[in-house]
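Hi,

Here is the structure I promised to pass on. Please open it alongside this email.

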Amino acid sequence: MCGIVGYIGNKNSVPILIEGLKRLEYRGYDSAGLGIIADNKCTIVKRKGKVSELELSLKEHPISAPLGIAHTRWATHGEPNQINAHPHTNSSGKLFLVHNGIIENYNVLKTELQRNGYEFYSETDTEVLVKLIDSFLQKKLELSEAVRYALNEVKGTYGIAVGYSDEPDKIVVAKKGSPLVLGVGDGENFIASDVNALIAHTSRVVYLEDGEIAVVYKDRFEAKTIEDEQIKKEIHEVTVALEEISKGEFPHFMLKEIMEQPHSVKNSFRGRLLFEEGSSKLGGLQGYEERIARSKRILICACGTSWHAGLVGEYMLEQYTGIPTEVEYASEFRYRNPIITTDDTCIFISQSGETADTLAAMKEAKRRGALVLGVCNVVGSSIARESEAGVYIHAGPEIGVASTKAFTSQLIVLALITILIARRRHLSLIDGQTIIRELDLIPGKIAEILEKNEEIKTIAQDFINAKNFLYLGRGYNFPVALEGALKLKEISYIHAEGYPAAEMKHGPIALIDENMPSVFITPMDSVYDKVISNIEEVKARKGKIIAIASKHDDKIDNLVDYSIRVPETIRMLMPILTAIPLQLLAYHIAVGKGLNVDQPRNLAKSVTVE
Ligand code: M6R
């Protein structure tokens, strides 16, 4: 949720930290701060609000130091204000710490520290951690040992970075449940909670694993476990280019990412389509195909947009493989007693690969002996590393908080997994070849839809003042209705609900009047006539209707107020096309309302806390 960045070397750390924070701001943006050590003295600067507020105050009062750590926050404990912003310090101000995650036993620890004379100035769990480390420093331990001892008392999750002016040659970092990466430079080293903050400086990274601590000097680093075992860490090369994490000519990352979809979707299936065999090739599943094909059940677990992708996956897998498939919210799965057997295949879908609930659900499924697969975007992310096997969606970095291109790429990968397994079961060569050919045509069809951007913008203007919206679809397009509603509510703050179109008459129809617009996703498929009946029901009650309809549907315009046309494809791939006008509609409504679509209120890009 929050972002951490740090630097140690010979340069001034401050501009490096600010630039890194800006790249991480999508992870949390209610307050920001940094701590530096220069000439054995610490300076802490914190501001409420965006990184630009912090930057402004540093322009007015410039500081400089070869060591610094910084943080952009998404509040969990205590309101977003300057006092609760990170870094947090001990009472002498010599020790400072930034933290992502949640210290679950902070109340117990706080009471104990208070009993020993510690006073607290903030409402955060993080201040408890810095004071706990201080209590071990008081016992004359070195910083890394004090951190290690403190972490052994902590329950919860953390990615931390700690500076101490009595040991000004190092930053100590540790990880459990929240990502932390080291960037290896030449005579300088970096730390971050996300490789995006590092790639402007180095492509050589080291991923810390849960329960690991690293002491980072300017020319080396040492790693150990919190049980004090020395460990050797591997250096990885990352291949993300700087342009991929910049907005370029677009006003928002969200629009850039929507517009990238012909390309991102192509990257998701590049080199993976087997035209002659009517199948797919997924290197990450090599050796596991038979086990998946023999599964008695497939369980898909995810959150938010990734969960919607999972619902589409359920339709695909059941239609083509015949394997019973269920989709679960990861947050629910982890807290019940799920019936999982060694005959199950569990697929965990996550753009970021860091979502705390999805990661925890994955660990539980693994513990119960299921085959655990990851479908992630971020290479080297926790879910990708924890899974037994898996498939990257290769959508490229997604920075906008509202997930767009990751959704369509997740659907491509789910289609590829479906066809791979279905061909090992009973899908015919001809049917397999048809799916592969249709997949190959998808980028061109997306490009055709994106040409309607201005048309969709015009429609959006008529709905800027709407207070509620209904999204309705059936079959493969029911999850698209849910996704369309989520896109609208998260960036425009308009209340929106997605429903299976036929369920409307069991309740939601009571809401319909001239002030309740409905979006119907109604391509010309096997349930088309039934959805048309639902449209008639809304029309009869004077509801305004926007239809996402097939290009060749010559009937729809007589029934609805607005229609946005999409090209046709086979049913299983239709959601990849129908989702796109809904992304644009939400985007233009939110922009029309003057909202910050890339950083909607109360949200953060990756939810690394429960
Ligand atoms: O990174 P993940 O795919 O695991 O994230 C899951 C959800 O937090 C995410 O999809 C969220 O719902 C998005 N803001 C939706 O646009």
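This is a predicted model: local features need pLDDT of at least 70, side-chain atom pairs count only at pLDDT 80 or more; totals for chains, interfaces and linings use all residues.

Residues are numbered from 1 along each chain as its sequence is written, and side-chain values use heavy atoms, with hydrogens and water left out.

Let me begin with the sheet. Five strands make an open sheet with parallel pairing, in the order β24-β23-β25-β26-β27. Strands (E, at least two residues) and helices (H or I, at least four) are DSSP runs, numbered from the N terminus, and two strands pair if DSSP finds at least two bridges between them. At the edges sit β24 (495–500) and β27 (562–566), each pairing on one side only. On average, neighbouring strands are turned by 15° against each other, direction ignored. Angles here run from 0 to 180 degrees between N-to-C directions, and axes are lines fitted to C-alpha atoms, for helices over the stretch in contact.

Within the sheet, β25 (residues 518–522) and β26 (residues 545–550) run parallel and are joined by five bridges. Phe-520 has Ala-547 in β26 as its bridge partner. Helix α17 (residues 528–539) packs on the sheet and touches β25 and β26, its direction making about 165° with that of β25; contact means heavy atoms within 4.5 Å. Helix α18 (residues 574–592) lies across β23 (468–473), β25, β26 and β27, at about 135° to β27.

Now for the helix pairs. Helix α7 (residues 261–269) packs against α14 (residues 429–450) at an angle of about 170°, with the axes 8 Å apart.

Helices α9 (residues 304–321) and α16 (residues 478–492) cross at roughly 170°, their axes coming within 9 Å. Eight nonpolar, three polar and two charged residues make up that contact.

Finally, α1 (residues 13–24) and α2 (residues 51–60) pack at about 165°, with axes 10 Å apart. In this pair, Val-14, Ile-18, Leu-21 and Lys-22 of α1 meet Val-51, Leu-54, Glu-55 and Leu-58 of α2.

Best wishes

Conventions
Ala, Val, Leu, Ile, Met, Phe, Trp, Tyr, Cys and Pro count as nonpolar, Asp, Glu, Lys and Arg as charged, and the others, Gly among them, as polar.
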